Each structure stands twice: as structure tokens, then as C-alpha cells.
Amino acid sequence: MLQQLGQFIPLILIIVVFYFFMIRPQLKKSKEQKKFRENIKVGDKIVTIGGIHAKIAEIQDTTFMITVEGGVKLKIEKSAVSMDSSSMIGADQK
């Protein structure tokens, strides 16, 4: 019985390590991104995951209306806003 249980200990340890080094950090980053997108307000400068630099013109349930250079307005999904690039723009302005 103990010998059979001993065979599963390495597998259990691998699963625990995988959780703490791969899954948990990804969940934490996902939570931070969601919080970032919820805190965006009209007038904030953002960068989309496609690299478009814009300013928030209007906020809807699942989308943003953004204004790019030249006054062109685009409607994008909230999930298309890059937290990493947008936060760098905010740091440059301070």
C-alpha cells in the first residue's frame, strides 16, 4: 500500500509545482488586466494589442470607442487593450 502511494508522490509534486509556477501567476496577471480595463476612463491614452495608440472617447459594456490621430473613431473590444504598453504611456506622462 505504501509503495503504491510512493509512486504517486513525484506526480503530485510535479502538479503542485506546475500550479505555483505556471497556472497561479497567469491567473493573477489575468485578474490585474481585468482590473486595469475596468479602471480605464474617458480621455485615457491606451495602446491596443495590435499596436494602435489612441485616446478613449466613449466606454460601453464590452467595447471602447477610441479616437486615433486624425480624429478617426474606432470601436474596439475591451480585451484588445494592452495593459503593459498602456501603463508605459501613463508612466511617461507623469
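Student: Why is Lys-45 called partly exposed?

Tutor: Lys-45 has a relative accessibility of 46%, and since buried means under 20% relative accessible area and exposed over 50%, with partly exposed in between (1.4 Å probe, protein chains only), the value of 46% makes Lys-45 partly exposed. This is a predicted model, in which local features need pLDDT of at least 70 and side-chain atom pairs count only at pLDDT 80 or more, while totals for chains, interfaces and linings use all residues. Residues are numbered from 1 along each chain as its sequence is written, and side-chain values use heavy atoms, with hydrogens and water left out.

Student: Where does Lys-45 lie, and what is its bridge partner in β2?

Tutor: Lys-45 belongs to strand β1, where helices (H or I, at least four residues) and strands (E, at least two) are DSSP runs numbered from the N terminus. The bridge partner of Lys-45 in β2 is Lys-55.

Tutor: Two strands pair if DSSP finds at least two bridges between them, and strand β1 (residues 45-47) is joined to strand β2 (residues 53-59) over three bridges, in the antiparallel sense. Val-47, for example, stands opposite His-53 in β2. The two strands form a hairpin with five residues between them, and Gly-51 in the turn has a positive phi of about 95 degrees.

Student: What makes β2 and β3 a pair?

Tutor: Four bridges join β2 to strand β3 (residues 63-67), and the two run antiparallel, with Ile-56 standing opposite Ile-66 in β3. This hairpin has three residues between its strands.

Student: How do you know that β3 and β4 pair as well?

Tutor: Strand β4 (residues 73-77) is connected to β3 over five bridges in the antiparallel sense, and Thr-63 stands opposite Glu-77 in β4. Five residues separate the strands of this hairpin, in which Gly-70 takes a positive phi near 95 degrees.

Student: What is the order of the strands in the sheet, and what makes a strand an edge strand here?

Tutor: The four strands form an open sheet in the order β1-β2-β3-β4, with antiparallel pairing. The edge strands are β1 and β4, each of which pairs on one side only. Neighbouring strands are turned by 50 degrees against each other on average, direction ignored; here axes are lines fitted to C-alpha atoms, for helices over the stretch in contact, and angles run from 0 to 180 degrees between N-to-C directions.

Student: Why is Thr-63 called buried?

Tutor: Thr-63 has a relative accessible area of 9%, which places this residue of strand β3 among the buried ones. Leaving aside neighbours within four places in sequence, Thr-63 is in contact (heavy atoms within 4.5 Å) with Lys-75, Ile-76, Glu-77 and Lys-78.

Student: What makes the approach of Thr-63 to Gln-60 a polar contact?

Tutor: A polar contact is a pair of N or O atoms within 3.5 Å; within protein, one must be able to donate a hydrogen and the other to accept it, and residues adjacent in sequence count only if both atoms are side-chain atoms. The side chains of Thr-63 and Gln-60 make such a contact at 2.7 Å.

Student: Is Lys-75 buried or exposed, and why?

Tutor: Lys-75, in strand β4, has a relative accessible area of 54% and is therefore exposed.

Student: Why is Arg-37 called buried, while Leu-5 is called exposed?

Tutor: Both residues lie in helix α1, but Arg-37 has a relative accessible area of 17% and is buried, whereas Leu-5, at 53%, counts as exposed. Arg-37 touches Phe-64, Lys-78, Ser-79 and Val-81, not counting residues up to four places away in sequence.
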